Amino acid sequence: MRTEVTVGIDVGGTNTVLGFVDAEGRCLAESSVPTMAHEPASSLIDRLTAKIKELHAPLADRAAIAGIGIGAPNANYYRGTVENPPNLSWKGITPFVALFKERFDVPVVITNDANAAALGELRFGAGKGMRDIIVITLGTGLGSGIIANGELVYGADGFAGELGHTIVDLRGRWCGCGRRGCLETYAAATGICRTVFEMLCNSREESEFRDVAFNQLTAKMVTDAAKRGDPIARAAFEYTGEILGRKLAESVAHTSPEAIILFGGLANAGDLIFAPTKRSLEEHVMGMFRGKVKLLPSGLPEGNTAVLGAAALSWTELLKGR
Ligand SMILES: [Zn+2]
């Protein structure tokens, strides 16, 4: 008998990764293709189709493809589209799901990458067995997916769960969304770099970053310096965690999650980010929630979190109908 697998696909700015994942979250095969977003999206879908067939050929007698799940920037779950994605040059609305359905006779579903990550944590990762979680991706920006009462919150238009664009400071930093003071301008890879430079301007503290240009600074450099005890880098983590914890305390009031899961580059800094975030969350959360919300790292194996998330999206839809 053949096991069923879903194909998880994560569309990234440079590469698009894909893998075959069974119902237990085991990845049977994986690969990637260059996204090449300067070409039409149909070119990516043709190359993905060829790659899926190539990966499936040696598995064909033991694995059957039951569905396809896609995580992509600005993807709309209801319409099956990718709409004016940032960092990719596809203009307007691309009917991703329809284009896949022309090539595969299985259910196809899409959502944004942060929502897919949340479903991955719920089904296969740190949120397994829970019904209410919030998953925060601390990458270049801040992505988030909210699971309430066991279901992902898509909202009326399919774009719910944009905690990165809730406002920390009305007169704060300019954000890519055109407004000021969004959480992701503070709590994300580029946000912590902006904090380092702000702190360098406003203090006389010695720091290894005094000789570094802004466009050369990376969040990884801030993490490494903080581990070595650099006072500016350590203060930048404290400040980032303070702001993140404060905003998470507000989210707790909205959905009362059992756990908040942090993952992505900045979350790999471990205690440097978890400790101040937890402290600030507990300090600012409403009394009746205090001491109840777990702050957890991702429970997915590093490297294929995106594929597992997209595959979990497909599994979630398939199992709903059974
Ligand atoms: Zn914003």
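This is a predicted model: local features need pLDDT of at least 70, side-chain atom pairs count only at pLDDT 80 or more; totals for chains, interfaces and linings use all residues.
Axes here are lines fitted to C-alpha atoms, for helices over the stretch in contact, and the angles between them run from 0 to 180 degrees between N-to-C directions. Helix α5, residues 219-227, packs on α6 at an angle of about 110°, the two axes lying 7 Å apart. Because angles of 65 to 115 degrees count as roughly perpendicular, α5 is described as roughly perpendicular to α6. The crossing of α5 past α6 is left-handed. On the α5 side, the contact is built from V222, T223, A225 and A226, and these meet A233, R234 and F237 of α6. Sorted by class, the residues of this contact comprise five nonpolar, one polar and one charged.

Helix α6, which spans residues 231-255, also packs with α4; here the axes come within 9 Å and cross at roughly 125°. The arrangement of α4 and α6 is therefore oblique, and their crossing is right-handed. From α4, the contact draws on I192, T195, V196, E198, M199 and L200, while α6 supplies I232, A235, A236, F237, Y239 and T240. Nine nonpolar residues take part in the contact of α4 with α6, together with two polar and one charged.

Attention can now turn to open space in the model. The largest pocket has a volume of about 1600 Å³. Its lining is made up of 49 residues, and those closest to the pocket centre are D113, T137, T140, G141 and G143. Several elements give two or more residues to this lining, namely the strands β1 (3-11), β2 (15-22), β10 (142-148) and β12 (259-263) and the helices α3 (113-124), α4 (189-202) and α8 (305-320). Helix α3 provides the largest share, with four residues. In terms of class, the lining of the largest pocket holds 24 polar, 18 nonpolar and seven charged residues.

In sequence, A148 and R131 are separated by 17 residues, yet their C-alpha atoms are 6.4 Å apart in space. Setting aside neighbours within four places in sequence, the contacts of A148 are with R131, D132 and V153.

Methods:
Residues are numbered from 1 along each chain as its sequence is written. Side-chain values use heavy atoms; hydrogens and water are left out. On a 1 Å grid over the protein atoms alone, a cavity is a set of points where a 1.4 Å probe fits but cannot get out, and a pocket is an open set with protein on both sides within 12 Å along at least five of seven lines; lining residues have an atom within 4 Å of a point. Grid points are joined across faces, edges and corners, and a volume is the space filled by probe spheres set on the points. Ala, Val, Leu, Ile, Met, Phe, Trp, Tyr, Cys and Pro count as nonpolar, Asp, Glu, Lys and Arg as charged, and the others, Gly among them, as polar. Angles under 35 degrees count as roughly parallel, over 145 as roughly antiparallel, 65 to 115 as roughly perpendicular and the rest as oblique. A crossing is left-handed if the near helix is turned anticlockwise from the far one by less than a right angle, and right-handed if clockwise. Contact means heavy atoms within 4.5 Å.
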